[in-house]
Amino acid sequence: MSVSVSAPLSSTARRLTATAVAAGALLAVAALPAAAADHPAHAHRQGVVISDVHLADQHPTRGHRSERVLNTEWVEITNNTRRDVNLDGWTLSDQHGHTYTFRHYRLDGRATVRVHTGYGHDTRRDLYQDRRTSVWDRRDTATLRNDHRRSVDSLSWDDTHRAPHPGHHHHR
């Protein structure tokens, strides 16, 4: 009788253990995006992401508005997938609502494009917002949205460092 009592307990224990292991695996998978958000901008994130930011020298001089200075201010968008992604209608914006809309642009798989603040001739690797003043502040958040206005990625920084925004999102 002890064998028949221990057998159901053993079977139940195995099912509970298997359930706990499966639940732990699901929790580990669910925690991956949060863990990825703690890595630097070039971490192994999936999809289309904001991969880097470079701020223009923001000294209050006449040069602050020059095309050359504004073109040193940029945000990089990287496609970490193998497939090309049509960015037509996607937007890149700051926390104050300055928005750049991608028009007729396809980002190749495993490629990066820099979106410069100033004026220039758009190429496959460099796009220009054609603005006369800087967009990105020393403390700011860049947000990338798809053509359905869903947040695809965001990146925040301050005077001392750049870090993924706590509300970092990835949508496919």
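A residue is termed buried at under 20% relative accessible area, exposed at over 50%, and partly exposed in between, with a 1.4 Å probe and protein chains only. Phe-102 has a relative accessible area of 0%, so Phe-102 is buried. The model is a predicted one, in which local features need pLDDT of at least 70 and side-chain atom pairs count only at pLDDT 80 or more, while totals for chains, interfaces and linings use all residues. Numbering starts from 1 along each chain as its sequence is written, and side-chain values use heavy atoms, with hydrogens and water left out.

Overall architecture. The chain has 2 helices and 11 strands. These are DSSP runs numbered from the N terminus (helices: H or I, at least four residues; strands: E, at least two). Along the sequence the pattern reads α-β-α-β-β-β-β-β-β-β-β-β-β. Of the 172 residues in the chain, 37% are buried. The accessible surface comes to about 10800 Å². Carbon and sulfur atoms hold 54% of that surface.

An open sheet of 4 strands has the order 1-2-7-8, and its pairing is mixed. Its edges are strand 1 (48–54) and strand 8 (126–128), each of which pairs on one side only. Neighbouring strands of this sheet are turned by 25° against each other on average, direction ignored. Axes here are lines fitted to C-alpha atoms, for helices over the stretch in contact; angles run from 0 to 180 degrees between N-to-C directions. Two strands pair if DSSP finds at least two bridges between them. Strand 1 and strand 2 (residues 74–79) run antiparallel and are joined by 6 bridges. Across this pairing, Asp-52 stands opposite Glu-76 in strand 2. Strand 2 also pairs with strand 7 (residues 112–116), in the antiparallel sense, over 5 bridges. There the bridge partner of Thr-78 is Thr-112 in strand 7.

Strand 2 is mostly covered, with 6 of its 6 residues buried. Trp-74, Glu-76 and Thr-78 point one way from the strand. Val-75, Ile-77 and Asn-79 point the other way.

Arg-114 and the ring of Trp-74. Arg-114 lies in strand 7. The charged end of Arg-114 sits over the ring of Trp-74, 3.7 Å from the ring centre. The criterion is NZ of Lys or CZ of Arg within 6 Å of the ring centre and within 35 degrees of the ring normal. Arg-114 counts as partly exposed because its relative accessibility is 30%. Leaving aside neighbours within four places in sequence, Arg-114 is in contact with Trp-74, Val-75 and Glu-76, and with Arg-125, Asp-126 and Leu-127. The C-alpha atoms of Arg-114 and Ile-77 are separated by 6.4 Å, although the two residues are 37 apart along the chain.

Aromatic pairing. A pair of aromatic rings is described by the distance of the centres and the angle of the planes. The structure holds 2 aromatic pairs. One of them joins Tyr-100 and Phe-102 in an edge-to-face arrangement, 5.1 Å centre to centre with 75° between the planes. Rings of Phe, Tyr and Trp (its six-membered ring) pair if their centres lie within 6.5 Å; planes under 30 degrees apart count as stacked, over 60 as edge-to-face and the rest as tilted. Tyr-100 has 10% relative accessibility and therefore counts as buried.

Phe-102 is found in the loop between strand 5 (99–101) and strand 6 (106–107). Its contacts, not counting residues up to four places away in sequence, include Leu-87, Asp-88, Gly-89, Trp-90, Thr-91 and Leu-92. Phe-102 also touches Ile-77, Val-115, Leu-127 and Leu-144. The C-alpha atoms of Phe-102 and Thr-91, 11 residues apart along the chain, are separated by 6.1 Å.

Positive phi values. Asp-130 is not a glycine, yet has a positive phi of about 60°. Asp-130 is found in the loop between strand 8 and strand 9 (140–145). At 37% relative accessibility, this residue is partly exposed. Arg-149 likewise has a positive phi, near 65°. Its place is the loop between strand 9 and strand 10 (151–157). Arg-149 has a relative accessible area of 71% and is therefore exposed.

Technical notes
Accessible areas come from the Shrake-Rupley method with a 1.4 Å probe; for residues, only the protein chains shown count as cover. Contact means heavy atoms within 4.5 Å.
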